[in-house]
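Work through the exercises below with the structure in view. Try each task before reading its solution.

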Amino acid sequence: MSNSTSVQFNIQVGDDLTHNVKPLLNEIKHGLDNLIETGRTTIIDLRSLPLAPGEEEKILNTLGQGEVQAQLNALGLSEVTETQYAGVWIVTHYNDEQHIISRFIEVTTMPEILCSQTEDVMEAYSRLTLDLADNP
Amino acid sequence: MTNNKDKTLLDNSGVDKTGVDKTLGEVLRSQGVSRRSFLKFCAATASMMAMSPAMIPKIAHALESARRPSVIWLSFQECTGCTESLTRAHTATIESLIFDFISLDYHHTLQAAAGHAAEEAREAAMKENDGKYLLVVDGSIPMDNPGYSTIAGISNYDMLMETAKGAAAIIAVGTCATYGGIPHADPNPTGAVSVGDLIKDKPIINVPGCPPIPVVITGVLMHFLTFGTIPELDHIGRPKVFYGQSIHDRCYRRPFYDKGLFAETFDDEGAKKGWCLYKLGCKGPTTYNACATTKWNDGTSWPIEAGHPCLGCSEPDFWDGGGFYKSLSMPTENITQTAIYTVAGAAAAGVALGAMNKNKKSSAVAAHNKTTIDDLEK
Amino acid sequence: MTEIEFLNWVRGPGFQIAVVIFIAGIIIRFAEILLLGRKTNLAEAKGSEMSGGLRTIVTRSFPDRGTFQRSTFTIVAGYIFHIGLFVTIFLFAPHILMFKDVIGFSWPSLPTPVVDAVAVVTIIALLAVLAHRMSNTVLKFLTNTEDLLVWLVTILPLITGYIAFHRIGMTAPSLLAIHILSVELLLVILPFTKLMHAFTFVLSRWYNGAISGYRGVES
């Protein structure tokens with residue numbers, strides 16, 4: 001988290017303090033296996049785990065950067081990036097003050113939030129229809 | 001509400017189609033909030049309520065068809081810290097949406113109206129939404145003398161009982177409302193009691209903390225909105241999703257406790273290395289709250305990460321645990337003094353008892369008649 | 001009463017009451033023993049009471065070969081649980097904090113996992129001691145209610161402490177409170193049962209040694 005980096009304790013990240021880093025990475029591996037076998041999506045909420053300062057960064061560094069980076073403007077910024085492991089995505093939601101409000105690891109071919117939503121498509125259709133009617 | 005069990009607390013079916021009656025989906029669309037934004041909101045909500053991400057579609061569906069409930073917020077013997085906590089929840093759009101989801105009809109600190117107008121607003125909300133509104137209470141209620149705390153000339157007790165009557169459910173916010181809190185601390189000069197001490201016939205959700213974590217307050221509201229029921233509670237009325245695990249069990253410094261590595265003072269090597277704060281009085285082992293995972297100030301940090309032991313503020317009587325810096329294994333009373341007095345008293349008693357025994361022995365010896373040859377010859 | 005109120009009580013007034021009974025009990029019992037005195041020995045001394053007494057205080061900590069061969073199990077298990085009790089009571093960091101609060105000074109602790117393991121071994125040793133006692137006809141015959149009571153109040157703090165540390169079954173404040181309460185029970189009962197040997201062993205060994213020393217024989 002950007003605003004917490006200024007206050008850091010002398011804790012060695014390599015210590016794997018909470019012992020949550022390895023199991024989480026294994027869960028992601030398991031998720032990929034699931035995606036290949038059944039096509040099912042796995043979503044992991046990073047906030048649901050107790051992580052020591054630096055451990056989240058360690059997870060993100062391990063996963064690295066892949067080919068896709070997308071930005072959404074929906075009630076504040078959201079970032080959707082594919083990691084160096086295809087099918088493993090990091091979805092980070094920010095609020096208007098650029099604070100992270102939630103962060104998920106999604107193991108899927110396409111995070112749901114990137115897809116156009118049926119309701120929005122329907123609304124778009126009627127709006128375009130109206131616009132065309134107004135300006136023939 | 002479509003997708004709910006028969007017995008939900010949030011039944012707005014009878015409300016007429018004005019003002020507070022729109023479904024949340026309608027409210028959002030009328031505000032130009034896209035479905036994608038709504039999904040983002042639901043994802044954040046699921047995360048906030050500590051729910052599995054698999055619940056996101058369910059939350060979305062329930063919220064879209066839910067209606068805004070009327071909320072009456074009563075503040076009694078309190079410091080407004082709980083309201084401060086809540087209003088600083090997150091100032092940005094996404095959480096403020098939550099406030100679009102409820103109709104806060106009475107909150108004497110936040111509302112614009114004052115005096116008679118304010119009380120009228122409360123009475124009107126109670127009348128219009130009888131049996132359906134949510135009652136939120138922060139602060140404890142003085143029972144020694146009703147004059148210790150009044151609002152518009154009405155004693156806290158009277159106002160609570162009157163307003164609770166028509167409530168669908170009550171959310172007690174903060175340790176004062178849930179367990180008496182600081183006003184209830186020994187010697188409890190005002191005779192402060194909690195909401196649960198007075199009301200037995202309504203569902204009460206306790207959201208303790210001094211103050212409670214903002215997203216926990218909103219999380220409970222969201223749960224109520226999403227499912228129309230009260231969340232699963234623990235044995236002292238706290239939602240298990242947030243209070244199900246102790247600070248100690250979720251603490252990232254726990255491995256140091258297990259290894260026996262402790263900070264001895266606030267500025268020693270151990271403190272700098274981020275070792276366990278047990279010896280500095282940490283109440284994490286006996287405190288159930290979500291600080292370790294939810295954290296504070298937009299997830300920036302939390303007391304233990306900032307180097308301070310947990311005070312145990314979400315537990316009853318946290319003020320009377322013998323001091324914040326006394327570790328849990330230490331006695332709360334001055335045992336040294338007790339021991340010294342006991343030694344003195346017991347030494348005197350022992351000497352007296354010993355003397356009595358000795359006396360008994362010597363008188364027994366004295367009373368003992370020796371048998372002589374003369375006696376035998378008799 | 002909430003569980004935190006319960007915890008606050010056992011850490012406060014409850015502990016106070018237990019300490020008063022514990023200290024008063026020990027002092028009164030010692031005063032009784034010491035003030036009662038012993039008959040003057042009219043026989044001529046053939047050796048020193050003091051050296052014999054002091055020597056026996058030490059030597060009785062080690063079994064002689066014959067005794068060891070006759071009751072190997074009792075002695076080994078006895079050693080294990082006595083050392084185990086010492087380690088768990090006096091070398092666990094939170095306990096040392098408690099002593100420091102009462103007597104004003106402290107000493108180094110053992111690493112928590114070590115104490116944890118010692119606690120398990122101690123509990124097993126105490127269970128084995130009871131099993132042995134109940135399966136041996138003579139020992140069983142000699143066992144009375146007090147023996148079972150002192151066994152119970154000795155093992156309870158170990159078990160409740162182990163459960164409280166590992167947080168099994170109940171919520172943490174209740175577990176900790178029950179552990180402290182079990183220790184208070186031990187404190188209250190100790191001076192008035194044979195557990196008093198924790199303090200009187202010095203005295204009784206000294207007397208045994210002194211009597212032999214006076215007679216000029218080895219005890």
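**Exercise 1. Decide whether B:Lys326 is buried or exposed, then find its salt-bridge partner.**

Step 1. B:Lys326 has a relative accessible area of 17%. Buried means under 20%, exposed over 50% and partly exposed in between, with a 1.4 Å probe and protein chains only. B:Lys326 is therefore buried.

Step 2. A salt bridge needs a side-chain nitrogen of Lys or Arg within 4 Å of a carboxyl oxygen of Asp or Glu. B:Lys326 forms one with C:Asp101, and their closest N and O atoms are 3.4 Å apart.

Step 3. B:Lys326 sits in the loop between helix 15 (291-294) and helix 16 (335-367) of chain B, while C:Asp101 is in helix 6 (residues 93-103) of chain C, so the pair joins two chains. Helices (H or I, at least four residues) and strands (E, at least two) are DSSP runs, numbered from the N terminus.

Step 4. Check the partner. C:Asp101 is partly exposed, at 24% relative accessibility.

Before going on, note the ground rules. This is a predicted model, where local features need pLDDT of at least 70 and side-chain atom pairs count only at pLDDT 80 or more, while totals for chains, interfaces and linings use all residues. Residues are numbered from 1 along each chain as its sequence is written, chains are lettered from A and ligands numbered from 1 in the order in which they are written, and side-chain values use heavy atoms, with hydrogens and water left out.

**Exercise 2. Describe the interface of chain B and chain A.**

Step 1. Take the residues in contact (heavy atoms within 4.5 Å). Chain B gives 36 residues and chain A gives 42 residues.

Step 2. Take the buried area, the accessible area (1.4 Å probe) that two parts lose on being put together, summed over both. Chain B and chain A bury about 3,300 Å², with 60% of it on carbon and sulfur atoms. In chain B, the most area is lost by B:Arg36, B:Lys40 and B:Tyr252, together 22% of what that side buries.

Step 3. Look for salt bridges. The rule finds one across this interface. B:Arg35 pairs with A:Glu119, the closest N and O atoms being 3.6 Å apart.

Step 4. Find the helices. Helix 2 (35-48), helix 5 (93-101), helix 13 (254-259) and helix 14 (269-272) of chain B each supply at least two residues to the side that touches chain A. Helix 2 of chain B gives the most, with nine residues.

**Exercise 3. Which parts of chain A does the salt bridge of A:Glu56 and A:Arg103 tie together?**

Step 1. The closest N and O atoms of A:Glu56 and A:Arg103 are 2.7 Å apart.

Step 2. A:Glu56 lies in helix 2 (residues 55-63) of chain A and A:Arg103 in strand 5 (residues 100-107) of chain A, so the bridge ties together parts that are 47 residues apart in sequence.

Step 3. Both A:Glu56 and A:Arg103 are buried.

Step 4. Widen the view. The structure holds 17 salt bridges over all chains. One network of salt bridges links B:Asp249, B:Arg254, B:Asp258 and C:Arg167.
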